[in-house]
There are 2 protein chains.
Amino acid sequence: MKDPVAKTLAGDLGAAAALMRALDDDLPGARAALRAIYPHGGRAFVVGVTGAPGVGKSTLVDALVGAARARGERVAVVAVDPSSPFSGGALLGDRVRMQRHALDDGVFIRSLATRGQQGGLSRSTTATVAVLDAVGFPLVFVETVGAGQAEIDVADATDAVIVVTAPGLGDEVQALKAGLLEIADVLVVNKGDRDGADRAIADLTTMLALAAFPSRPGELQTWGPSEGPQSPPRRTTLGEAQLRPRERRTPPALIRASATAGTGVGDIMAALDALRAAPAAEREARRRRQAVRQITALVGEQARATARAAIGTEDAPGPLAATVNQVAARKLDPWSAAEALTTANR
Amino acid sequence: MKDPVAKTLAGDLGAAAALMRALDDDLPGARAALRAIYPHGGRAFVVGVTGAPGVGKSTLVDALVGAARARGERVAVVAVDPSSPFSGGALLGDRVRMQRHALDDGVFIRSLATRGQQGGLSRSTTATVAVLDAVGFPLVFVETVGAGQAEIDVADATDAVIVVTAPGLGDEVQALKAGLLEIADVLVVNKGDRDGADRAIADLTTMLALAAFPSRPGELQTWGPSEGPQSPPRRTTLGEAQLRPRERRTPPALIRASATAGTGVGDIMAALDALRAAPAAEREARRRRQAVRQITALVGEQARATARAAIGTEDAPGPLAATVNQVAARKLDPWSAAEALTTANR
């Protein structure tokens with residue numbers, strides 16, 4: 001397995017691509033190779049690009065790739081497709097859209113299916129980024145649909161996050177922004193030439209002002225056997241400390257752009273360059289948080305896999321299949337069952 | 001803790017609501033109460049409603065609630081908000097939209113923030129549904145944004161899944177459909193009076209026909225040290241068995257609706273009633289799959305929590321804080337670190 005490792009570290013793209021595919025398929029030797037290259041990484045600047053469906057993330061990434069290439073920088077893109085978790089099939093849209101870079105060997109594009117793994121991006125994205133870092137790409141974009149778990153994962157797997165929004169989407173999309181806002185280092189209103197862009201900029205400016213001085217009170221509902229459920233609930237106001245807002249160095253840069261027209265792209269690149277020049281201590285703190293998330297996610301995945309193996313399948317039941325049948329028949333609750341399995345694993 | 005349990009099982013809504021809040025806040029005694037009520041459940045018909053942002057899921061759920069109430073059935077709604085995973089804040093949009101049911105005591109609506117937990121819906125949604133089941137709601141809708149992990153979770157936490165789509169959304173939204181299609185028992189094209197609805201119906205009919213006879217070949221990339229990375233990759237075609245499509249009884253019902261105009265809602269209710277009358281063996285098999293997913297997700301969550309506690313915080317480092325620092329400094333890879341933690345936990 002030393003050959004692919006040495007070749008990847010020497011900048012051999014073919015070897016790196018083969019290693020990424022091997023990792024995706026979990027072929028023998030692939031993980032050992034990944035472990036061998038990992039310590040040599042950490043030089044790439046990894047940028048997450050996230051946002052609700054339809055905001056134009058792929059088009060924006062395409063424009064950013066063009067800007068990086070225009071100044072001679074090699075760049076890699078990891079597109080995490082919102083495709084079927086069951087079939088593992090990847091959709092070709094992103095790659096087709098980026099085909100103008102297809103013949104440019106300074107650009108490397110890799111699509112990953114999420115494959116329904118719990119923990120979202122954690123496994124394959126982390127591994128893919130580690131390989132791209134090791135093979136020498138100084139700049140890596142990770143594009144993902146920002147909804148649910150993925151939006152957290154992308155913040156923990158990257159050095160900076162661009163959150164992309166666009167005017168004229170439904171109110172649920174607005175809701176998505178609330179969660180995304182907190183992970184943004186750069187906040188882009190794409191399709192900035194459309195109706196509603198002014199309003200979107202104004203709304204986000206307000207949201208950022210509120211986020212900078214968190215004052216929204218939370219509610220703490222007390223509950224216990226001494227309190228009759230008919231009596232009015234006691235409520236206390238949670239202070240800021242209990243709301244545990246994500247630590248923030250500075251508010252995100254708010255940039256109006258139109259990826260199709262090419263406006264605002266230079267501003268985004270400038271904002272990224274500023275983040276890239278952040279003090280070493282700041283980057284170090286972020287990488288420590290990344291490490292915590294990656295490690296705990298991997299521990300959870302391993303425990304789940306162990307439990308699943310102990311349960312087995314209907315055709316080949318494992319030692320814990322009976323526990324599942326008890327839960328399905330409501331003779332046991334899933335929480336007690338999980339505790340029993342956790343204890344049995346120890 | 002017997003009081004809330006007995007009251008919930010006797011149909012006391014106030015007690016059930018207090019228990020749900022207690023579970024959400026993880027107050028002492030809440031989990032024990034949940035375990036005590038769980039074996040008494042299993043009577044509710046639980047329907048997931050999922051789809052991309054902007055397709056009108058909340059409006060559709062509102063219409064379905066109205067249809068259930070019109071025939072005298074009590075109904076509960078669990079709305080899983082795509083709100084901030086960091087602040088735990090819930091957005092009020094869904095609740096405001098459903099306020100016409102606010103004074104109807106045959107309707108119970110509960111909003112859950114996802115709170116960034118890995119494993120998506122698993123913990124709080126499962127618990128909330130168990131309480132609503134125990135307190136006697138015969139019909140429960142679980143509404144969630146269908147993107148990433150949530151779309152799988154909803155299929156494993158419910159007895160039937162309505163996937164909602166709408167014409168005129170971007171191509172990324174179309175992409176989301178591919179994953180959602182496979183979990184649908186009922187497939188609704190909402191906003192069915194808009195331009196593009198005919199096309200959406202036609203596209204979905206085609207997709208369903210393809211899904212019924214899976215023939216899309218996957219690719220298997222072989223890789224190893226004996227193969228030079230410059231040589232053309234060997235590719236073999238994966239058979240259907242390896243693609244492991246989700247088992248399907250019958251294709252989903254495809255229904256054109258307009259939740260705002262009220263069209264198609266009766267057809268959706270009829271489709272749900274047909275699923276509700278499914279043979280006991282079919283429901284049993286589904287509940288067994290639910291049990292496997294719930295248990296393994298809980299085991300994973302517990303392992304993650306244990307690891308996180310062992311790592312500690314920067315202010316109060318735990319016994320494994322040094323391991324994290326090694327990973328952050330690239331002296332150790334996260335995969336080896338996770339293995340060490342897993343072994344240490346045993």
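F108(A) and F137(A) are both buried. The structure is a predicted model, and these two residues form one of its four aromatic pairs over all chains.

**Chain A overall**
- Chain A has 14 helices and nine strands.
- Of the 346 residues in chain A, 56% are buried.
- Among contacts in chain A with a separation of 6 or more, 76% are between residues 24 or more positions apart.

**Aromatic pairs**
- A search over all chains gives four aromatic pairs.
- F108(A) and F137(A) make a tilted pair, with 6.2 Å from centre to centre and 45° between the planes.
- F108(A) belongs to strand β3 and F137(A) to the loop between α6 and β4 of chain A, so this pair ties together parts 29 residues apart in sequence.
- W335(A) and Y38(B) form an edge-to-face pair, because their planes stand at 85°, with the ring centres 5.6 Å apart.
- This second pair crosses between chains, running from helix α14 of chain A to the loop between α3 and β1 of chain B.
- W335(A) is buried at 9% relative accessible area, and Y38(B) is buried at 6%.

**Charges over rings**
- R74(A) lies over the face of F137(A), 4.5 Å from the ring centre.
- The charged end of R330(B) is placed over the ring of Y38(A), at 4.0 Å from its centre.

**Salt bridges**
- The whole structure contains 30 salt bridges over all chains.
- D185(A) and R286(A) are joined by one of them, at 3.4 Å from N to O.
- Since D185(A) is in the loop between α8 and β6 and R286(A) is in helix α12, the bridge ties together parts of chain A that are 101 residues apart in sequence.
- D185(A) is buried, at 8% relative accessible area, and R286(A) is buried, also at 8%.
- D198(A) and R256(A) meet at 2.6 Å, N to O, in a salt bridge.
- That bridge links helix α9 to strand β9, 58 residues apart.
- D198(A) is exposed at 54% relative accessibility, while R256(A) is partly exposed at 38%.
- D333(A) and R35(B) form a salt bridge of 3.9 Å, N to O.
- D333(A) is in the loop between α13 and α14 of chain A and R35(B) is in helix α3 of chain B, so the bridge joins two chains.
- D333(A) is buried at 6% relative accessibility, and R35(B) is partly exposed at 22%.
- R71(A), E73(A), D273(A) and R276(A) are joined into one network by salt bridges that share partners.

Methods
Residues numbered from 1 in each chain as written. Chains lettered and ligands numbered in written order. Predicted model: local features only at pLDDT ≥ 70, side-chain atom pairs only at ≥ 80, totals over all residues. Heavy atoms only, no water. Phe/Tyr/Trp six-rings, centres within 6.5 Å; stacked < 30°, edge-to-face > 60°. Helix = DSSP H or I, 4+ residues; strand = E, 2+ residues; numbered from the N terminus. Buried < 20%, exposed > 50% of the residue type's maximum accessible area, 1.4 Å probe, protein only. Lys NZ or Arg CZ within 6 Å of the ring centre and 35° of its normal. Contact = heavy atoms within 4.5 Å. Salt bridge = Lys/Arg side-chain N within 4 Å of Asp/Glu carboxyl O.
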